[in-house]
Amino acid sequence: MTDTTPTQHHVAELVSDAKVAMLTTTTSEGRSVSRPMALQEAEFDGDLWFFAYDDSAKAQQIGAHEQVNVAFVNMKGHTWTSLAGRATIVHDRTKAEDLWAKPLQAWFPDGLETDGLCLIRVEADSAEYWEGPGSTVAFVVQTVRAAVTRNPDRDPIENDTVQL
């Protein structure tokens, strides 16, 4: 995303406001499985980065089915963002050093020396987001108004799909 459009830039802002994502992969039986993942502190440029173990189920599933989904919720900002793309397992010490943060030691006790440590890179192809008013009061009032009037056009949540 070197030359970003305003909507692509907006998606980047929505992603940067979220700290935890739900990464969805596909099992060998074709079932979708989601799990929470800590998003690494890196400016969103169309790629998302996560730390994992090489022998984890998610890494094995990505090896077999590269298509994934990553979903974010920011309840304070009343935003929901879903990114679809391709994931790969990456072994790049320099990139891992760039992305490493001390709280990750809770899951990787030996830090960057943890056996089987890898990165998951998600190259996002598209994003869809839903965004409500930033104020909780405005969000509730406008949602109630849409429900009472039975007029979905008054729904305060804006929705858009963006190609990345």
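**Close-up views of salt bridges and a hairpin**

Glu123 is partly exposed, with a relative accessibility of 23%. The legends below describe a predicted model.

**View A. Glu123 pairs with Arg86 in a salt bridge.** The N-to-O distance between the two side chains is 3.6 Å. Distant parts of the chain are linked here: Glu123 sits in strand β6 and Arg86 in strand β5 (residues 79-90), 37 residues apart. Arg86 has a relative accessible area of 26% and is partly exposed.

**View B. Asp47 and Arg121 form a salt bridge.** Their closest N and O atoms lie 2.7 Å apart. Asp47 belongs to strand β3 (residues 47-53) and Arg121 to strand β6 (residues 117-131), so this pair links distant parts of the chain, 74 residues apart. Is Asp47 buried or exposed? Asp47 is buried, because its relative accessible area of 16% is under the 20% cut-off. Arg121 is partly exposed, with a relative accessibility of 26%.

**View C. Five residues are linked in a network of salt bridges.** Which residues take part in the network? The members are Asp47, Arg86, Arg121, Glu123 and Asp125. Side chains of opposite charge can pair when their charged atoms come close.

**View D. Arg93 and Glu97 form a salt bridge.** The closest N and O atoms are 3.0 Å apart. How many residues separate the two partners? Arg93 and Glu97 are four residues apart in helix α3 (residues 93-99), so about one helical turn separates them. Both ends are partly exposed: Arg93 has a relative accessibility of 41%, and Glu97 has a relative accessible area of 43%. In the whole structure, the search finds six salt bridges.

**View E. Strands β1 and β2 form a hairpin.** Strand β1 covers residues 20-26 and strand β2 covers residues 32-38. They pair in the antiparallel sense, over seven bridges. Thr26 has Ser32 of β2 as its bridge partner. Five residues lie between the strands. Which residue of the hairpin takes a positive phi? Gly30 does, with a phi near 90°. In a regular strand the side chains alternate between the two faces of the sheet.

Definitions and conventions
Residues numbered from 1 in each chain as written. Predicted model: local features only at pLDDT ≥ 70, side-chain atom pairs only at ≥ 80, totals over all residues. Heavy atoms only, no water. Pairing = 2+ DSSP bridges. Helix = DSSP H or I, 4+ residues; strand = E, 2+ residues; numbered from the N terminus. Salt bridge = Lys/Arg side-chain N within 4 Å of Asp/Glu carboxyl O. Buried < 20%, exposed > 50% of the residue type's maximum accessible area, 1.4 Å probe, protein only.
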